[in-house]
Amino acid sequence: MATVLYRLGHVSFRWRWFVALLWVAVLSGVGFAASQASTAKDEGFTTPGIESQKAFDLMEQRFPGSVANAASARIVFVAPGGEKVTAAENRKVIERLVDEAADGTQVASAVDPFQMRAVSDDGTTAYTTVSFQVAADDLSDASKMHLEHAVEQAREAGLTVDVGGNALAEQPGAGGATEAIGIAVAAVVLLITFGSMAAAGLPLLTAILGVAVSMTGILALSSAFGLSDSTGTLATMLGLACGIDYALFVVSRYREERAKGHTPRDAAGLAVGTAGSAVVFAGLTVVIALGGLFVVGIPMLTKMGLAAAGAVLLSVLVCLTLVPALLGFWPNAVLSRGARRNSERYRRKQLKQHNGGSRWARIVVRRPWPVLLLAVVALGVVAAPVMNLQLGMPGDEARPASTTERRAYDDLAKGFGAGFNGPLTIVVDASGATDPKAAVAAISTDIGATDGVVSVSSARFNSAGDTAVFSAIPSTSPTDEKTKDLVKSIRDQRPGIEAKTDGASFEVTGKTALDIDVAEKVQGALIPYLAVVVGLAIVLLLLVFRSLLVPVKAALGFLLSVLAALGAVVLVFQQGHGAGLLGVETTGPIMSMMPIFLVGIVFGLAMDYEVFLVSRIRESYVHADAAKPAVVSGFRHSARVVVAAALIMIAVFSGFVGAEESMIKMIGFGLAIAVLFDAFVVRMAIVPAVLSLLGDKAWYLPRWLNRLLPNIDVEGEKLSHKVTPPSDVMRTEPDQPVVQPLPIR
């Protein structure tokens with residue numbers, strides 16, 4: 001592996017013009033294909049195998065022309081203080097809004113609240129539902145402006161009018177100003193780490209190019225594979241994260257080889273052969289984590305995972321080819337100012353046998369047990385709240401109080417009860433019943449008598465008269481555990497209820513039931529997903545490190561950091577501790593996809609740090625260092641880069657905490673805290689402590705297994721026979737500036 005990659009780096013450095021133009025051609029070609037590709041049809045969020053989805057599919061089949069995920073707007077009216085919405089003047093304003101809303105070009109229906117009894121008992125609140133013929137993403141600007149104009153007229157008449165639903169909901173920005181600050185912090189970290197503008201800019205440049213190719217590729221393939229706009233979100237995030245990290249590792253190793261006196265071309269080859277080997281296997285672990293998302297069984301999640309895996313593979317290819325090519329254009333620009341000038345201070349720095357990383361490693365090696373116990377106990381304490389994890393899908397109640405969706409939610413809860421915001425939709429298939437109307441009436445009566453159901457609506461039949469839909473209003477809010485118990489109770493009663501209907505059957509769906517079903521599906525898939533990802537990663541790391549214990553240690557450390565990160569998320573976003581500091585106004589269940597996203601993304605980044613850090617330790621061990629000195633040596637060469645990479649990711653992810661949307665805050669906080677725990681607690685403390693305690697046993701591999709496993713040579717041991725020792729190297733090449741040899745021990 002190291003030899004092949006060394007040649008690739010060598011060739012890319014030599015044929016830099018060809019490599020650079022090739023990537024420009026690839027970007028141009030994929031960009032042209034994307035510009036010619038048709039827009040993918042939004043297939044919505046589907047989750048095969050759950051009852052809610054089956055009911056949605058039945059509704060689309062039995063109610064031709066209807067769209068199960070069609071856009072809707074629930075408009076809530078609140079009368080001024082002391083007045084009622086039933087007053088003649090207020091009623092006139094509301095009816096005028098309903099009439100105007102119904103005239104919209106894409107509107108299917110607009111319900112008069114006074115005819116449908118959608119008025120609160122105290123007469124202060126009323127609501128109407130405007131249903132559209134298309135999904136929210138397909139609504140035209142004209143349709144939205146028409147509805148907004150009608151709402152604004154009602155407000156000018158003196159009523160308090162707020163709009164819930166998804167028709168007019170705006171997609172909030174990811175992080176706003178704080179995201180820009182996060183990227184700026186990442187750039188500063190790169191600059192401090194390398195002491196060179198070119199070295200700081202090169203990882204950013206190559207990462208952006210890799211993301212540009214992957215995103216245009218996703219657009220080009222969107223129609224053929226049904227990739228929605230959201231598919232590229234994870235690809236962009238991980239493409240940037242991995243692209244920066246991978247280039248950072250290679251550039252850092254290039255500078256190290258130059259400091260040893262190697263020519264620029266050999267240094268580029270050595271950097272790709274050694275650090276590039278770590279990049280390849282780190283990238284493969286990310287691909288495994290993302291490809292494993294198919295285990296969850298949600299098509300959208302599978303597509304997002306595969307698209308992101310493609311982006312990571314592109315990041316690896318860019319790192320192995322374009323990075324050494326760019327180093328060929330500016331071989332000295334990426335060196336620090338002291339290295340370029342070969343200053344006395346720089347030479348003294350190179351003569352030092354220890355730096356911050358090695359000094360820290362020596363402390364851990366001397367006292368491994370206290371460091372290990374303290375780190376494990378600390379992460380265990382933070383992870384404890386995971387035992388109370390509640391998954392769900394926060395809705396309008398999690399939005400900031402300044403949004404109209406949140407105000408509409410609060411007004412409905414105040415006027416009609418907490419459960420009014422989460423009605424359950426009951427779909428009755430009466431095609432096998434002798435008397436469909438009687439069967440539907442019997443089901444409606446029994447469900448309405450269930451404890452926890454406040455009321456049921458009138459049933460609406462399809463044109464064939466064999467299918468009906470009605471709503472059941474719970475007494476508790478959509479995210480309350482009692483609502484979850486109610487859905488389970490209704491489904492448990494199904495055999496007894498259906499026995500009275502002579503052939504009719506029913507299913508429970510609606511947004512609330514769908515969120516409950518998705519949460520249960522994701523929670524059930526989490527353990528199989530972890531087993532697949534961690535199992536395959538252990539096999540891959542077994543090949544990389546040729547050790548039984550090191551891969552197991554890596555997997556256990558990752559699990560510990562992920563559990564701690566989930567515990568921190570539960571502590572803040574579910575239990576509310578410190579929520580005010582992050583601007584979280586409402587706490588509740590953790591987003592259903594959060595654990596899967598956290599595991600997939602953090603696993604990839606964690607394995608980056610693990611492979612790069614431990615491969616340097618093994619490299620020192622293979623080159624005749626004893627076990628404990630190898631730990632110190634490995635930290636001397638890699639700790640600073642790993643810390644810089646982690647700080648960059650923390651800065652970027654922290655930018656999402658500044659978003660208004662609670663779910664985006666949750667994702668940003670979870671990812672940032674996970675990287676913090678994994679890089680600074682697991683990799684910087686637990687890894688050296690465990691390796692020092694294990695000693696030579698850490699690298700034990702049975703002889704029979706050693707013979708079976710291919711020798712990948714991630715450490716670059718074979719390169720010592722292919723590269724001329726620095727002392728015998730001609731310091732210049734025909735097309736390269738002179739760089740004096742730098743003494744180093």
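**View 1. Phe18 counts as exposed because its relative accessibility is 55%.** Exposed here stands for over 50% relative accessible area, with a 1.4 Å probe and protein chains only. Phe18 has its place in helix α2. The model is predicted, so to speak of local features takes pLDDT of at least 70 and side-chain atom pairs count only at pLDDT 80 or more, while totals for chains, interfaces and linings use all residues. Residues are numbered from 1 along each chain as its sequence is written, and side-chain values use heavy atoms, leaving out hydrogens and water.

**View 2. Val11, Trp15, Phe18, Leu22 and Val26 make a nonpolar surface patch of about 500 Å².** Patch residues have over 30% relative accessible area and no salt bridge, and nonpolar side chains are joined within 5 Å; a salt bridge is a Lys or Arg side-chain nitrogen within 4 Å of a carboxyl oxygen of Asp or Glu. Helix α2 (residues 16-36) gives the largest share of this patch, three residues.

**View 3. Meet an open, antiparallel sheet of four strands, ordered β2-β3-β1-β4.** At its edges lie β2 (107-110) and β4 (160-165), each pairing on one side only. Strands are DSSP runs of E with at least two residues, and helices are runs of H or I with at least four; two strands pair if DSSP finds at least two bridges between them.

**View 4. β2 and β3 (residues 125-135) pair in the antiparallel sense over three bridges.** Look for Ala110, whose bridge partner in β3 is Val130.

**View 5. Helix α5 (residues 141-156) packs on the sheet.** Helix α5 touches β1 (70-78), β3 and β4, with contact meaning heavy atoms within 4.5 Å.

Definitions and conventions: Axes fitted to C-alpha atoms, helices over the stretch in contact; angles between N-to-C directions. Patch = residues over 30% accessible without salt bridge, like charges linked within 9 Å, V, L, I, M, F, W, Y side chains within 5 Å. Areas by Shrake-Rupley, 256 points an atom, 1.4 Å probe, with all protein chains shown as cover. Buried < 20%, exposed > 50% of the residue type's maximum accessible area, 1.4 Å probe, protein only.
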